[in-house]
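Subject: Structure handover

Hello,

Please find the structure below, with the sequence alongside. My notes on it follow.

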Amino acid sequence: MSAPSIPVIAQSAGKGAARAAARQRGHHGSGADRRPGWVTYAVLTVVLLIAVYPLYYAFLIASSTKEDVARHPIPSLVPGSHLIDNMISVVTSDIGFWSALLNSVIVSSVTAVSVVMFSTLAGFSFAKLRFRGRGPLLVFVIATTAIPTQLGVVPLFLVMKQLHLIGKLPAVIIPALVTAFGVFWMTQYLEGALPYELIEAARVDGANMFRTFWSIALPAARPAATMLGLFAFVANWTNYFWPLVVLGAVPGKTTLPVALKMLQAHYYADYSQVMAGVFVSVLPLLILFFVAGRQLVSGIMQGAVKG
Amino acid sequence: MVTTTELPAQPRDQRPVRRIGMRQRLGRWDVKLSPYLFISPFFILFAVTGLFPLAYTAVVSIHKWNLLTGQGPLVGLQNYIDVLHQPFFWKAMRNTVSIFALSTIPQVILALVIAAVLNANLRARTFWRMGVLVPYVVAPVAVALIFGQIFSDQSGMVNAILAKVGIDPIGWHSNVLASHLAIATMVNYRWTGYTTLVILAAMQAIPSDLFEAAIIDGASRVRQFFSVTIPMIRPTLIFVIITSTIGGLQIFDEPTMFDQQNSATTAGGADGQFVTVTMYLYQLGWGSQNNLGRSAAVAWLLFLVILLISLVNFWFTQRIASDSGAKRRARKVRS
């Protein structure tokens, strides 16, 4: 059992004893501030290796040949020399890699920007403006975050068919333009981050409502908006089911995850090719993660406290 | 008074007054209408692409409805009866619930443990937090392809390792439970880090004086975890379990990609050993049958199951959390 922490000593034995105990332990903080031992770091290192190894495994397989894969089920930790060859044969194969990549970039970017814009607009309204029906409408938004709307896939498909959008990118983009979670998230954030005084000042200066939103609310919302945009981007980049339904496995007309599926069918037995495809498709988001992973982490943690 | 005498005519005096009135009226409309205008894009788009389709699923499900020929006659509950009589539907339901249980329960437990470790005052805190989140940016399709190879029956890494320690190879694709385990592993791989951060955030929000009080009462580290931490993060646990219920029961990507033999279909293995309800839904509507009516019936049934399991989870989580820790102590004091 660990010794009582400094505040506990301070409470039970007095401030002097606490100070003495702190000096004796060579720390200045309370018990919660104590640095953990090496066991903690060992555990975390194992967790980290488990998180990263499958990606490294894909890289290892992608850099070897079909024969190597068959001969060594447990790949050696040193990558082979065929990564570039395999990548070239994936991007030049008839799955339409480049158009799939371009489609994924378009879908993810457009939906991320749109989710951020519409969510901030609605969030500003819910958080800072007064209007009839505000309360019930907000409750409605929150309730819908828990409804599995993806189950409306059959009628949604029929809607897209009516609009002659089957096989076209807008069919993937339109249902992802807004999310209930986004509205809820921005409402929560703007409630605390945007003082009424700022809005009033803008109004006094003669700005209309939209101008107030554009030059006051939008800049104030930037940190939360960045996170929301990142989540929307990742969600749409990794989405498979709906693009498969409306775009289908058609080379040149679909998104990256569906193209990967075609790759699996195509290189049925050649896993080094399949893994090269996996590696190429994961790379853009890994780069994004290195740039913006910090925002993703704090986004998840903030959303958790509030949600 | 003085100014009016200096100004030549009355209209000139009236005009500015009227203009202010116009602007005020416009301003009032701006104030009154803008809130609705601002929320309308969300509500319109959500109604068209989210709410209407979900509700209209019920309408499609009581009609004969073919993907190619369109709406047919009203058939009442026939689609539901047909689906419920298919052994394949029940197989899919069993698989879905089994994969869901295998992916949710270990995931929450693992996430709790990792979050507790991350909750220490670490050096390079952000680095470790980012580390657990890496799998989140890997698409489920990619995760499934990677793990499909790792769990490959013949040349897979797991079986090779098992062979080294003298265990017979396991049919990760052919065996029912083994395939569920492999698929659940993929889900856990991608989501454990995310869940960990959600739980970690809740842990950090616990006021530290609660732990101080527990220490004064002589509670060990383990006792603190079960009697303070768990009850305090109960709302977050409920949130995590409900969201993973909604997502987990709709699982599609991982089992679809896991099928290496029939990679163009959603059969879920040679004998449907890992077919899920959403795969079955896809199969009915867009696979060989083109039967959107039955597909919609399956969607509606799955919706009911999600609702039911969410409620059971909610009830269960509340009981667990209130059985241990604070409330039990309170009850003891009262009695």
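I will begin with how the two chains meet. In this model, 83 residues of chain B are in contact with 89 residues of chain A. On the side of chain B that touches chain A, the element that gives the most is helix 2 (residues 10-61) of chain B, with 19 residues. Sorted by class, that side of chain B has 60 nonpolar, 18 polar and 5 charged residues.

Please keep in mind that this is a predicted model. Its scores are ipTM 0.83 and pTM 0.84.

Confidence, chain by chain

Chain A has a mean pLDDT of 85, and 87% of its residues reach 70 or more. Within chain A, confidence is lowest in helix 2 (residues 15-25) of chain A, where the mean is 56. Confidence in chain A is highest in helix 9 (residues 170-173) of chain A, at 95. Over residues 26-31 of chain A the pLDDT stays under 50, and the model has 8 contacts for this stretch beyond four places in sequence.

For chain B the mean pLDDT is 84, with 87% of its residues at 70 or more. Residues 1-17 of chain B have a pLDDT below 50, and this stretch has 3 contacts in the model beyond near neighbours in sequence. At residues 325-335 of chain B the pLDDT also stays under 50, and here the model has 8 contacts beyond four places in sequence. Where pLDDT is low, the predicted coordinates should not be read in detail.

Chain A as a whole

Chain A has 16 helices and 0 strands. Of its 307 residues, 45% count as buried. Among the contacts in chain A with a separation of 6 or more, 71% are between residues 24 or more positions apart.

The nonpolar core

The largest nonpolar core has 169 residues. The residues with the most contacts inside this core are Ala58(A), Leu228(A), Val278(A), Ala142(B) and Val298(B). Helix 8 (residues 176-204) of chain B gives the most to the core, with 14 residues.

Domains and the hairpin of chain B

The domain assignment of chain B gives domain 1 (2-61) and domain 2 (78-334). The contact between them takes 4 residues from domain 1 of chain B and 7 residues from domain 2 of chain B. On the domain 1 side of this contact, 2 residues are nonpolar, 2 are polar and none is charged.

Chain B also has a strand pair. Strand 1 (residues 63-66) of chain B and strand 2 (residues 70-74) of chain B run antiparallel and are joined by 3 bridges. The two strands form a hairpin, with 3 residues between them. As for the pairing, His63(B) stands opposite Leu74(B), and the bridge partner of Asn66(B) is Gly70(B). Is strand 2 of chain B buried or in the open? Of its 5 residues the number buried is 0, so strand 2 of chain B lies largely in the open.

Two residues with positive phi

His164(A) is not a glycine, yet it has a positive phi of about 55°. His164(A) lies in the loop between helix 8 (153-162) and helix 9 of chain A. How does the model place His164(A), exposed or buried? His164(A) counts as exposed because it has 9 C-beta neighbours inside 10 Å, and the cut-off for exposed is 12 or fewer.

In chain B, Asn290(B) has a positive phi of about 55° and is not a glycine either. Asn290(B) is found in the loop between helix 13 (277-286) and helix 14 (292-323) of chain B. Asn290(B) counts as partly exposed because it has 15 C-beta neighbours inside 10 Å.

That is the end of my notes.

Regards

Note on methods: Residues numbered from 1 in each chain as written. Chains lettered and ligands numbered in written order. Predicted model: local features only at pLDDT ≥ 70, side-chain atom pairs only at ≥ 80, totals over all residues. Contact = placed C-beta atoms within 7 Å. Helix = DSSP H or I, 4+ residues; strand = E, 2+ residues; numbered from the N terminus. Nonpolar A, V, L, I, M, F, W, Y, C, P; charged D, E, K, R; others polar. pLDDT = per-residue confidence, 0-100. Core = buried A, V, L, I, M, F, W, Y, C linked by C-beta atoms within 7 Å. Buried ≥ 20, exposed ≤ 12 C-beta atoms within 10 Å, placed from the backbone. Domains from an automatic or database assignment. Pairing = 2+ DSSP bridges.
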